[in-house]
Amino acid sequence: MEAIDGWLGAAGAENVDGYRDLLVKALNPTSAEREALVLPEPQSADANAVLALLKKGQVPTQRAVQAGAANARPPVVREPARKWSDAEIDRFGQLGAPWLHEYRQTHGTGPTWNEFFSSAPVERAFDEFGVGSGVGEGGVQGYLRRDGVRSLLIRRGRRRGWFAFNDQPRSLCAGPSFFVSGYRAPDPVGRRVAGVIRQSHAAGEKRHLQWADIAEVVDLDGSRVFRDVEDAEVQAGWLATEQWISIKPAGIGLGFRARREQRRNGLRSARKRLADQSPEGEPVSTD
């Protein structure tokens, strides 16, 4: 709640109490088909779209925010959006993720997006990509703000496993690709780790798992996900940030995202069982 209130304040919202519940619903959708809202930077076009929906009493879903932000922008004639290849995204991650990891190791938290995009490795990446200081009004930073390139790069880098973040301020950190020095899809790894924790619970084990247990997680091909206990513990940062695990004094438990997927899978299984048990041709209520 503090993070939501802080964002509302930074975005200039006047009715914090009235908007809080709507934002909670947007950040934690109950429908498996609905994408969770990621709070945009305050004062951005997306932030203005969020506030406009809140003022109407509507839940600011990710799709509605994107549509509202697009409609709010006046039509302009511009060059076609730059297309970023996977190789460029990987290069951006290779340069940016080590800086993120070192920042978190030093400060105990992640940087803001502005701090990240002002860092020397990111400037080097844009020099390599040909995004020079003369591109757009305000140089590189003006170009990035205007065209939404920052959000695109961070999100594509996240899908390629180089970065991790959630809706909390300063949550940005290095992802699993950084730790293996190459592309690694983050979600399968998170699901494998969460699966081991769920199996332990299903077996009736009351204890929380320890890092030695997590280090034994294997991929679908039977190979180990982590090199050793130390590697598993170091990678806890992105696993917790992406909410696959929760770290407690007693050990490691399921994170919010893992519990949400478990509930969704349980609902799907229940619906399937009802459908299988119903007489042929009769509709099945899932209310």
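I began with charges over rings, where a charge counts as sitting over a ring if NZ of Lys or CZ of Arg is within 6 Å of the ring centre and within 35 degrees of the ring normal. The charged end of Arg160 meets this over the ring of Tyr183, at 3.9 Å from the centre, and Arg158 lies over the face of Phe165, 4.1 Å from the ring centre.

I noted the conditions before going further. The model is predicted, so that local features need pLDDT of at least 70 and side-chain atom pairs count only at pLDDT 80 or more, while totals for chains, interfaces and linings use all residues. Residues are numbered from 1 along each chain as its sequence is written, and side-chain values use heavy atoms, with hydrogens and water left out.

**Overall make-up**

I looked up the secondary structure of the protein chain and found 15 helices and 4 strands, taken as DSSP runs numbered from the N terminus (helices H or I, at least four residues; strands E, at least two). For burial I used relative accessible area with a 1.4 Å probe and protein chains only, where buried means under 20%, exposed over 50%, and partly exposed in between. Of the 287 residues in the protein chain, 39% are buried. With contact meaning heavy atoms within 4.5 Å, residues 24 or more positions apart account for 55% of the contacts that have a separation of 6 or more.

**Aromatic pairs**

I then turned to the rings of Phe, Tyr and Trp (for Trp the six-membered ring), which pair if their centres lie within 6.5 Å, with planes under 30 degrees apart counted as stacked, over 60 as edge-to-face and the rest as tilted. The count comes to 13 aromatic pairs. One of them joins Trp84 and Phe126 edge-to-face, at 6.2 Å centre to centre and with 90° between the planes. Trp84 lies in the loop between helix H4 (62-72) and helix H5 (86-107) and Phe126 in helix H7 (residues 120-129), so this pair ties together parts that are 42 residues apart in sequence. Trp84 counts as buried because its relative accessibility is 6%, and Phe126 is buried at 1%.

Phe126 also pairs edge-to-face with Phe92, at 6.1 Å centre to centre and 65° between the planes. That pair links distant parts of the chain, Phe92 in helix H5 and Phe126 in helix H7, 34 residues apart, and both residues are buried.

**Helix H11 against helix H15**

Two packed helices are described by the angle between their axes and the distance between the axes. For helix H11 (residues 186-202) and helix H15 (residues 256-277) I found an angle of about 75° and axes 10 Å apart, the axes being lines fitted to C-alpha atoms over the stretch in contact, with angles from 0 to 180 degrees between N-to-C directions. H11 is therefore roughly perpendicular to H15, on a scale where under 35 degrees is roughly parallel, over 145 roughly antiparallel, 65 to 115 roughly perpendicular and the rest oblique. The contact is made by Asp187, Arg191, Ala194 and Arg198 of H11 with Arg257, Ala258, Glu261 and Gln262 of H15.

I followed Glu261 of helix H15 separately: it counts as buried because its relative accessibility is 17%, and, leaving aside neighbours within four places in sequence, it is in contact with Arg191 and Trp244.

In helix H3 (residues 45-55) I listed Ala47, Ala49, Val50, Leu51, Leu53 and Leu54 as buried. Leu53 itself has 11% relative accessibility and, not counting residues up to four places away in sequence, touches Gln58, Pro60, Ala64 and Val65. Just after H3, Gly57 takes a positive phi of about 80°.

**Positive phi outside glycine**

I checked two loop residues other than glycine. Ser181, in the loop between helix H10 (176-180) and H11, has a phi near 60° and is exposed at 64% relative accessible area. Gln243, in the loop between helix H14 (236-241) and strand E3 (245-248), has a phi near 65° and counts as partly exposed at 28% relative accessibility.
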